[in-house]
Amino acid sequence: MDDNVIICRCQEITYGEIVKAIEDGAISVTGVKKRVGSGMGNCQGKYCEHLVAQIISEKTGIPVSELLPDTKRAPVRPVDAKVFLK
Amino acid sequence: MKELEREILIIGAGPAGISAAIEAAKAGAKVTVADEHDTIGGQLYKQIHKFFGAADNHAGMRGFEIARKLEQEAKELGVEFWLNTVAYGIFKEGVGIVRDGDNFIVKAKKVIVAAGGIENTTAFPGSTLPGVMLAGAAQTMTNIHRVLPGKRMVVVGSGNVGLIVAYQMLQAGAEVLAVVERDDHIGGYGVHAEKIRTAGVPILTDTIIKCASGKTSVEGVTTVKLGADGAEIAGSEQEFNADTVIMAVGMAPLTELLWNIGCRFEFIGELGGYVPVHNEFMQTSVDGIYAAGDITGVEEASVAMEEGCIAGIAAASACGHISAEECSARCASHIDALAVLESGEYDGERSAARAKKLELYKASEK
């Protein structure tokens, strides 16, 4: 895979950056997120999480079935912050 | 923040959610269905093809017709619909929703989460170019807004969604240059594959998209064959003069709300990834929280409707509207129907997957 291919569209994190995070020691979707910010955008990882898991699996040999999704926190959809201030 | 009280709150007005609402209302419960979209029916709303299967599951009807029928039935039973309503979290205090720009905590006796699934994506050089889209987007544009997303298309994925979308694009007047499939065989039903083959569309197995190119949008697509070792075979590239790439590479359950409240999950690849374990009445490992439809594993609308019926009956029974015996009696035909739907030639793995979820639920009860 070309290093410049974007994996996390919201934050524009590339394949190369994700591989670098794994080389740096990330062995989970959350570990990659903490290093490079994939899954921290508007969609909260809905579209890239499974791609990140696949890349971790390819690079580390950990089966995808053993890779948990990132921790899910509310709000699970983009919500205007102002509604919580009312 | 305001508090609202409801008896049964259902999240998602797709086939599972409305079926649940109908059965719960029939049993005498007061039911509210929340959905983030402005229409009732979920994905059924954009399906223009006729469904097949058993007549009990509306076979022979088109998706949007099934949606309309279910909507009418639910409304006649007094089901309350909250559209354009986002459920953003499930907490001990209740379900957080945003409706008309206001934040509410809904205290419901029982909650049925029927949030559906989400499409998977695939990445390749050029996959972020305009013109590359998911199958759902292509269907929304074509079938609902009547806008053809492009003229010359390559579809990625030969599962039922990919095959049906390819056919719908042909019907809408686009040229489908090829359907590419990473696996060595076609994923979807033969009857769907035959339709597009008859129309002259090649289905290329062991093939992926190497890249899409173009200055400001897709102007060409290059595919490449994969060898037995999964590596690209040099020299097997094929160029397509395409302006659109439609990805139909599987779906995953949309489960955040259930993770949120602490449901127990298990990875079941056949069902699309991590799925909540549940009992035969669709109750998750968290008391009072039920799940139905693609959120419990990606399957078909017919399965979603049966699961919805079961969850609706069980939630109404848990609220005291019908006895446990009556609940079992009403659920029996739906449980039988699931066994039939999941026992076909293509579907054997799914009945095993269901058994696994039930078994894990029992184990977690101890």
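In which strand of chain B is the place of Val132(B)? Val132(B) lies in strand β8 (residues 132-134) of chain B, where strands (E, at least two residues) and helices (H or I, at least four) are DSSP runs numbered from the N terminus. The model is predicted, so local features need pLDDT of at least 70 and side-chain atom pairs count only at pLDDT 80 or more, while totals for chains, interfaces and linings use all residues. Residues are numbered from 1 along each chain as its sequence is written, and chains are lettered from A and ligands numbered from 1 in the order in which they are written.

**View 1. The surroundings of Val132(B).** Val132(B) counts as buried because it has 24 C-beta neighbours inside 10 Å; a residue is buried if 20 or more other C-beta atoms, placed from the backbone, lie within 10 Å of its own, exposed if 12 or fewer, and partly exposed in between. Leaving aside neighbours within four places in sequence, Val132(B) is in contact with Ser127(B), Ala212(B), Val218(B) and Val245(B), contact meaning that the C-beta atoms of two residues, placed from the backbone, lie within 7 Å. Between Val132(B) and Val218(B) there are 7.2 Å in space, C-alpha to C-alpha, although the two are 86 residues apart in sequence.

**View 2. Strand β6 (residues 102-113) of chain B and its partner β1 (residues 2-11).** These two strands pair in the parallel sense over 9 bridges, two strands being paired if DSSP finds at least two bridges between them, and Leu9(B) stands opposite Val111(B). Strand β5 (residues 94-99) of chain B pairs with β6(B) in the antiparallel sense over 5 bridges, with Val95(B) opposite Val106(B). β5(B) and β6(B) form a hairpin with 2 residues between them, and Asp100(B) in the turn has a positive phi of about 50 degrees. β6(B) also pairs in the parallel sense with strand β19 (residues 289-291) of chain B, over 3 bridges, and there Ile289(B) is the bridge partner of Val111(B).

**View 3. The contact between chain A and chain B.** In this contact, 20 residues of chain A meet 26 residues of chain B. On the side of chain A that touches chain B, β1 (6-8) and α3 (49-60) of chain A each supply at least two residues. By class, that side of chain A has 12 nonpolar, 2 polar and 6 charged residues, where Ala, Val, Leu, Ile, Met, Phe, Trp, Tyr, Cys and Pro count as nonpolar, Asp, Glu, Lys and Arg as charged, and the others, Gly among them, as polar.
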